[in-house]
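Welcome, and please open the model in your viewer. We will walk through a few stops together, selecting residues as we go.

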Amino acid sequence: MKAALRVRAASGPLETAAGAQDIGRAAVFALHDELALWPKPGLVSFLDNGSHQDMDAHTFMRSLFALRHYFPAIFELGRGRVPFASLEACGIAAEKRMLAATVGINTHRGAVFSLGLLCAAAGAVESEGGRLHPATLRAALRRHWGAALAERAQRVPVLPGGIAARRYGLRSASEEAAQGFPVIFETAAPALERASAQGLTPQQARIDTLFAVMAVLDDSNLAHRGGLDGLHFAQAAARRFIDRGGIAAPNGLQHARAVHRDFVARRLSPGGAADALAAACWLQRICGTA
């Protein structure tokens with residue numbers, strides 16, 4: 001994870017025009033940012049397995065290694081502004097490599113979808129001579145693949161998160177994508193920039209960002225594990241953390257640890273929020289301040 005990447009460590013845009021390898025490394029680094037974070041309620045980190053008994057940080061590292069070629073590849077597809085079916089096929093192939101590396105454990109399926117689409121949008125922006133900026137990336141995603149994503153959202157779900165979203169009337173990942181990832185662009189990325197501008201360390205800024213996303217996201221991972229009660233419990237816990245000053249509060253770290261313990265006790269894991277955090281870290285690495 002120490003390979004050279006022409007991006008600044010925490011904020012600041014790519015120093016030159018982005019290439020496929022730059023975008024791909026930024027995506028892998030962003031997923032590593034999320035994995036390395038602690039405390040983060042119910043999620044796997046280098047310190048513990050959170051609410052998961054079937055995976056640990058080593059599982060995630062194997063997954064990251066298996067995905068390292070996917071993000072540059074889908075960036076190149078985006079640069080060609082290919083039909084959505086081609087992006088989807090690329091993502092399905094990446095999922096298969098991930099599952100082979102993890103012996104069938106789903107570590108990054110959500111990120112393959114969301115971060116993959118963002119990399120494709122970056123390719124489209126580059127091909128059109130645009131500047132990598134959250135607004136241009138979101139516009140490119142909706143312009144080129146929004147209609148196909150809206151159609152995808154109407155399919156009968158086959159994965160646990162999609163089934164939970166349909167059962168409880170939540171906004172699915174496909175619906176989020178069709179709308180240009182509002183939680184990523186309107187909550188996660190601005191929260192990360194605000195926290196960074198306030199002088200928080202990168203780790204502190206990411207913790208506050210994760211909680212900001214948890215407070216608003218219809219996280220189907222939470223609904224799958226804990227039903228609507230679990231989702232609402234998680235959202236309320238995140239709002240309390242934010243309302244009490246977040247990680248910068250005098251007892252902010254202790255509060256975050258307590259929420260983590262509560263999530264583990266209830267077997268809750270906000271995987272959708274983790275994906276949004278990784279996407280925000282990626283945006284910060286390639287775009288700088290929004």
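Is Arg 171 buried, partly exposed or exposed? Select Arg 171 and look: this residue is partly exposed, with a relative accessible area of 31%. Here buried means under 20% relative accessible area, exposed means over 50%, and partly exposed is in between, using a 1.4 Å probe and protein chains only.

A word on the ground rules before moving on. This is a predicted model, in which local features need pLDDT of at least 70, side-chain atom pairs count only at pLDDT 80 or more, and totals for chains, interfaces and linings use all residues. Residues are numbered from 1 along each chain as its sequence is written, and side-chain values use heavy atoms, with hydrogens and water left out.

**Stop one: salt bridges**

Glu 176 and Arg 171 form a salt bridge, with their closest N and O atoms 2.6 Å apart. The term stands for a side-chain nitrogen of Lys or Arg within 4 Å of a carboxyl oxygen of Asp or Glu. Glu 176 is buried, at a relative accessible area of 8%.

**Stop two: within a helix**

Select Arg 25 and Asp 22, another salt-bridged pair, whose closest N and O atoms are 3.6 Å apart. They are three residues apart in helix α1 (residues 20–36), so about one helical turn separates them. Helices here are DSSP runs of H or I with at least four residues, numbered from the N terminus. Arg 25 is partly exposed at 28% relative accessibility, whereas Asp 22 is buried at 4%.

**Stop three: across the sequence**

Jump to Arg 155 and Glu 88, whose side chains meet in a salt bridge of 2.7 Å, N to O. Arg 155 is in the loop between α6 (134–152) and α7 (160–168), and Glu 88 is in helix α4 (residues 84–102), so the pair ties together parts 67 residues apart in sequence. Arg 155 is partly exposed, at 45% relative accessibility.

**Last stop: two helices**

Finally, select residues 202–216 (helix α10) and 220–243 (helix α11), which pack at an angle of about 135 degrees with axes 7 Å apart. Axes are lines fitted to C-alpha atoms over the stretch in contact, and angles run from 0 to 180 degrees between N-to-C directions. Residues in contact (heavy atoms within 4.5 Å) include Phe 211 and Met 214 in α10, and Ala 238 and Phe 241 in α11.
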